[in-house]
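Colleague: I would like to go through this model with you. Shall we start with one loop and work outwards?

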Amino acid sequence: MDSKLVNIVHILLCCILIGATSCAHKSGHRSREARVQERRGESDKVTQVSNLETRDTSVPDAKVRRDIDIPVNNEKKIKLEGSQIFAKYNSAVFMVFTSDGFNGYQGSGFFLNSNGLAVSNYHVFKGTSVGAEQIKLVGSDQPYQVTEVIHSDEEEDFIIFRVNVSNTNYIPMAKNRPLIGEKVYAIGSPRGLENTFSSGEVSQWRDRNLMQISALIDHGSSGGALINEFGEVVGITSGTFYDGSQANLNYAWSIDVVKPYVNMK
């Protein structure tokens, strides 16, 4: 069996593992002020294998990494159509497959620079074994791995990491946060449907870094990119506020949570 076929089989096995739970461990997050309802499934309560090596998410020095440059959009801002944004940044967003030793899960992530620096939700990686993550890029059957965790934060649900790939397409980081009513676009992989595009508006800011959005978010979208009309990433999509609600109550964490740990150029 050649290596390409082995890689395809590996990815298919990951897809089978995720089964009906095509999101990562937790699709929601509870904000202290907003009282966001968490959506934890039974899979979150699985006891870890006693000898399973898990990721150390503690970071001794929470400070800017001067060796990590994040490009920002310094050009004249031009509003883009949704179709233009998707065509430009579709390949900057990827699928994430993780495992806790019992079950497989799927989430999303996206690149912040051309050197494989990426971001996703913390809960996509929480409790997974080191080296077990599989990153699937658009149009590629080769699985990639996480080689370094730069910083992670459970409270604001983000993780910054590096993938063993170079010359990656990326989304420039916005300098300013969007206002209520501004148009936003989400790219993620809900239910394993690779790089699904949706659009909406910023409905409200519910916490210092937590925004309510009307762009559709579902299981598997966790960790995807929320992009403004100028093609800049403004948030990390995370989930919905309440299960079973008929209202379009979705949320994303502001990309501002990442800025203290990188060098914006």
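**A loop residue and its surroundings**

Modeller: Ser166 lies in the loop between S8 and strand S9 (183-188). Helices (H or I, at least four residues) and strands (E, at least two) are DSSP runs, numbered from the N terminus. This is a predicted model: local features need pLDDT of at least 70, side-chain atom pairs count only at pLDDT 80 or more, and totals for chains, interfaces and linings use all residues. Residues are numbered from 1 along each chain as its sequence is written, and side-chain values use heavy atoms, with hydrogens and water left out.

Colleague: Is Ser166 buried or exposed?

Modeller: Buried means under 20% relative accessible area, exposed over 50%, partly exposed in between (1.4 Å probe, protein chains only). Ser166 has 51% relative accessibility, so Ser166 counts as exposed.

Colleague: What distance separates the C-alpha atoms of Ser166 and Leu117?

Modeller: Along the chain, Ser166 and Leu117 are 49 residues apart. Their C-alpha atoms are separated by 9.1 Å.

Colleague: In what order do the 7 strands form the open sheet?

Modeller: Two strands pair if DSSP finds at least two bridges between them. The pairing here is antiparallel. The edge strands, S6 (143-144) and S7 (146-153), each pair on one side only. The order is S6-S5-S2-S3-S4-S8-S7.

Colleague: Which residue in S3 is the bridge partner of Phe97?

Modeller: S2 and S3 run antiparallel, with 7 bridges joining them. The bridge partner of Phe97 is Gln106.

Colleague: How many aromatic pairs does a search of the whole structure find?

Modeller: Rings of Phe, Tyr and Trp (its six-membered ring) pair if their centres lie within 6.5 Å; planes under 30 degrees apart count as stacked, over 60 as edge-to-face and the rest as tilted. The search finds 6.

Colleague: Why is the pair of Phe94 and Phe111 tilted?

Modeller: The ring centres of Phe94 and Phe111 are 4.8 Å apart. Phe94 lies in S2 (residues 93-99) and Phe111 in S3 (residues 104-111), so the pair ties together parts 17 residues apart in sequence. Phe94 and Phe111 are both buried. The pair is tilted because the planes stand at 55°.

Colleague: How many residues apart in sequence are the parts that Phe94 and Phe161 tie together?

Modeller: Phe94 and Phe161 form an edge-to-face pair, 6.4 Å centre to centre with 75° between the planes. Phe161 has 0% relative accessibility, so Phe161 counts as buried. Phe94 lies in S2 and Phe161 in S8 (residues 158-163), so the separation is 67 residues.

Colleague: Over which residue's ring does the charged end of Arg177 sit?

Modeller: A charge sits over a ring if NZ of Lys or CZ of Arg is within 6 Å of the ring centre and within 35 degrees of the ring normal. The charged end of Arg177 is 4.2 Å from the ring centre of Trp205.

Colleague: Over which residues does pLDDT stay under 50?

Modeller: pLDDT is the predictor's confidence in each residue, from 0 to 100. The protein's mean is 78. Where pLDDT is low, the predicted coordinates should not be read in detail. The stretch under 50 is residues 11-62.

Definitions and conventions: Contact means heavy atoms within 4.5 Å.
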